[in-house]
Amino acid sequence: MTMLGDTLRESAIFNLEGAVTMVVDDSPFSMTLTSSALSGFGIRPAFTLGSGLEAKQILQDTPIDLLIVDTAMPDIDGFELVHWLRRSAPNPNAFAPVIMTASHIKRTQLKRARDCGANFVVTKPFSAGMLLERILWIARDNRPFLEVGDYFGPDRRFRNEIWDGEERRANMKNTGRKGGSISL
């Protein structure tokens, strides 16, 4: 187990068999393909749901390690589900890694996925290798969670550069959440 801020070696070996994973997709075909891909690298999804509302009920009471959710669903879409999840603290699932899937994604939807707090968006059809690559990337990711205005989720900046200029944030505070929080 690594501590926050530690980075994993590139050669680190992951055992994904015990990962409690939830897949939410209203398409039975997509659900089967995603579940099969996950099974190929040892993940047996604990929950496979066709409804965002069902997922929301389970996420309130059951800890998960990974959420894979489709962006377009009839009851509540993936964007709404992830936004709710990120704002559900002190629920520990508020920090769960989220991969969103989409068949057709426009630039505005990518922005919505980023702004609701998703870690990644993977477009369908995706290969099992691509999904595994994203899962492993998330496992190695050490970006802090930030709270800025209506946003709560992983820091959207991927670069880890030291800023040499003046700090322009009006107010910085640590809320005790994983990685702290920044209010602008």
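This is a predicted model: local features need pLDDT of at least 70, side-chain atom pairs count only at pLDDT 80 or more; totals for chains, interfaces and linings use all residues.
I started with contacts (heavy atoms within 4.5 Å): residues 24 or more positions apart account for 62% of the chain's contacts with a separation of 6 or more. Residues are numbered from 1 along each chain as its sequence is written, and side-chain values use heavy atoms, with hydrogens and water left out.

Next I looked up burial. Of the 184 residues in the chain, 41% are buried (under 20% relative accessible area, 1.4 Å probe, protein chains only). I got an accessible surface of about 10800 Å² for the chain, with 53% of it on carbon and sulfur atoms (Shrake-Rupley, 1.4 Å probe).

Then the elements. I have five helices and nine strands, taken as DSSP runs (H or I, at least four residues, for helices; E, at least two, for strands) and numbered from the N terminus. The order from the N terminus is β-α-β-α-β-α-β-α-β-α-β-β-β-β.

Helix α3 (residues 78–86) packs on helix α4 (residues 107–116) at about 20°, with the axes 8 Å apart; axes are lines fitted to C-alpha atoms over the stretch in contact, and angles run from 0 to 180 degrees between N-to-C directions. So α3 is roughly parallel to α4 (angles under 35 degrees). Phe-79, Val-82, His-83 and Arg-86 of α3 meet Gln-109, Arg-112, Ala-113 and Cys-116 of α4.

Key
Angles under 35 degrees count as roughly parallel, over 145 as roughly antiparallel, 65 to 115 as roughly perpendicular and the rest as oblique. Buried means under 20% relative accessible area, exposed over 50%, partly exposed in between (1.4 Å probe, protein chains only).
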